[in-house]
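Hi,

Here is the structure I promised to pass on.

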Amino acid sequence: MEEQRAPGRWRHGPPWWSAPEGEGEPHRARVPWRSTVLFTVVVLVGSHFAAQSEPHRVPLNAFARVLLVAACVLLLWRNRHPVAVAFGTATVTLGYLAAGYPYGPVFLTVAVSCYSAVVAGHRRAAWASVGLLWAGHALVAFWLFRRLPPSGDQRGGLAQETVIATWVLAVVALCELARVRREQWARERADRAQAARRRADEERLRIARELHDVLAHSISVINVQAGMGLALLDSDPAQARTALTTIKAASKEALGEVRQVLDTLRASGDAPRAPAPGLDRLPELVEQAAAAGLTVDVQGEPPQLPPGADLAAFRIVQEALTNVVRHSGSRHARVLFAHHGGGLRLRIDDDGPATGADAGGSGNGLAGMRERAAALGGSIEAGPRPDGGFRVLAVLPTHTGEDE
């Protein structure tokens with residue numbers, strides 16, 4: 001289920017932070033013209049006020065405004081060509097300052113292009129571009145100030161260049177911080193997606209196990225009873241009627257349990273309408289096995305278990321008895337409950353012999369039993385007995401995380 005976005009919080013970072021090309025949603029790959037227009041307005045208006053507060057610099061003219069607009073227009077390609085834009089804005093800004101125009105928000109274009117280059121993975125290019133701007137400004141301030149406007153300009157001081165260097169370091173540091181935060185958001189998004197896929201896989205396996213256990217048991221009973229009914233239809237109609245009654249009851253139960261599984265899919269987040277089966281239905285399971293011609297002796301008292309463990313124990317017994325009906329020539333099985341340390345020791349035996357190569361099960365049922373036990377921290381051992389027959393031995397914890 002898709003996550004709900006909490007009000008006042010950003011799910012994948014601030015909405016104005018555009019993703020690099022090829023990443024994120026399709027609309028983020030478009031040219032960022034809205035933000036570029038905003039930057040252009042800020043730079044032009046801010047430079048106008050900066051010129052009024054710096055009368056000793058060259059007044060803004062048409063060429064100055066062309067340089068300011070050019071630096072802003074380059075930002076249109078900051079996502080597609082971050083390296084070229086970073087060096088381009090640094091070069092245009094250096095030309096603007098070398099022409100003696102006032103300081104101001106023109107540095108904003110350098111900061112934005114540096115950020116775009118850093119988050120796109122071109123960190124060295126971003127550092128080199130701002131380093132180029134600082135080195136060019138130092139060259140103008142210390143050596144070329146007499147040859148460049150404004151006239152009468154004095155040699156720059158160390159304090160001024162220290163301020164510029166601090167500004168450069170602050171821009172790079174902020175860009176690196178943004179990159180780290182952006183990568184953290186990307187990792188969190190990937191972790192959420194992976195967790196969602198894992199939950200979906202676990203839910204699909206759980207539903208597959210439930211459907212397999214329900215259908216395999218019920219269809220096995222129906223198959224045996226159908227064969228018996230056909231054989232006795234002419235010679236013993238009363239017994240054939242009993243077999244058909246058993247078929248009707250088994251099919252009704254199977255439909256009910258399948259409907260319960262499907263209800264959990266339709267009602268997202270809601271509790272199932274009917275309780276999950278557990279060991280309290282063991283007598284009913286024994287009666288169904290008896291109807292299929294299998295006598296089951298239950299030894300020991302089924303314990304009280306948490307819902308998850310109770311369902312797993314019931315399904316393990318159900319699958320084991322189903323395998324006896326389908327794959328064993330024995331008409332007798334034993335179910336033993338015993339306590340073992342802090343867990344339940346559950347053993348199902350039959351006397352064999354096997355009626356096919358896949359004695360004990362086709363593999364899916366045994367795999368499902370192992371998955372159920374492993375999910376609770378238990379274990380399953382299944383295999384032929386030394387004296388013949390087949391044994392399923394399950395060890396399940398009687399206290400799980402559901403008790404917390």
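**What turned up**

Let's start with the rings: there are two aromatic pairs in this predicted model. One of them joins tyrosine 103 and phenylalanine 107, and the pair is stacked, with 10° between the planes and 6.4 Å centre to centre. Is phenylalanine 107 buried or exposed? With a relative accessibility of 14%, phenylalanine 107 counts as buried, because the cut-off for buried is under 20%.

Now zoom out to the whole protein chain. You'll find ten helices and five strands in it. Of its 404 residues, 41% are buried. Take the contacts between residues at least 6 apart in sequence: 72% of them join residues at least 24 apart.

Which residues of helix 1 are buried? They are Thr36, Phe39, Thr40, Val43, Ser47, Ala50 and Ala51. Look down the axis of helix 1 and these buried residues fall within an arc of 110°, so they line one face of the helix. That buried set packs against helix 2 (62-73), helix 3 (82-98) and helix 4 (107-119). On the other side of helix 1, the exposed residues are Arg34, Leu38, Phe49, Gln52 and Ser53.

Cheers

Key
Residues are numbered from 1 along each chain as its sequence is written. This is a predicted model: local features need pLDDT of at least 70, side-chain atom pairs count only at pLDDT 80 or more; totals for chains, interfaces and linings use all residues. Side-chain values use heavy atoms; hydrogens and water are left out. Helices (H or I, at least four residues) and strands (E, at least two) are DSSP runs, numbered from the N terminus. Buried means under 20% relative accessible area, exposed over 50%, partly exposed in between (1.4 Å probe, protein chains only). Contact means heavy atoms within 4.5 Å. The arc is that of the directions from the helix axis to the C-beta atoms. Rings of Phe, Tyr and Trp (its six-membered ring) pair if their centres lie within 6.5 Å; planes under 30 degrees apart count as stacked, over 60 as edge-to-face and the rest as tilted.
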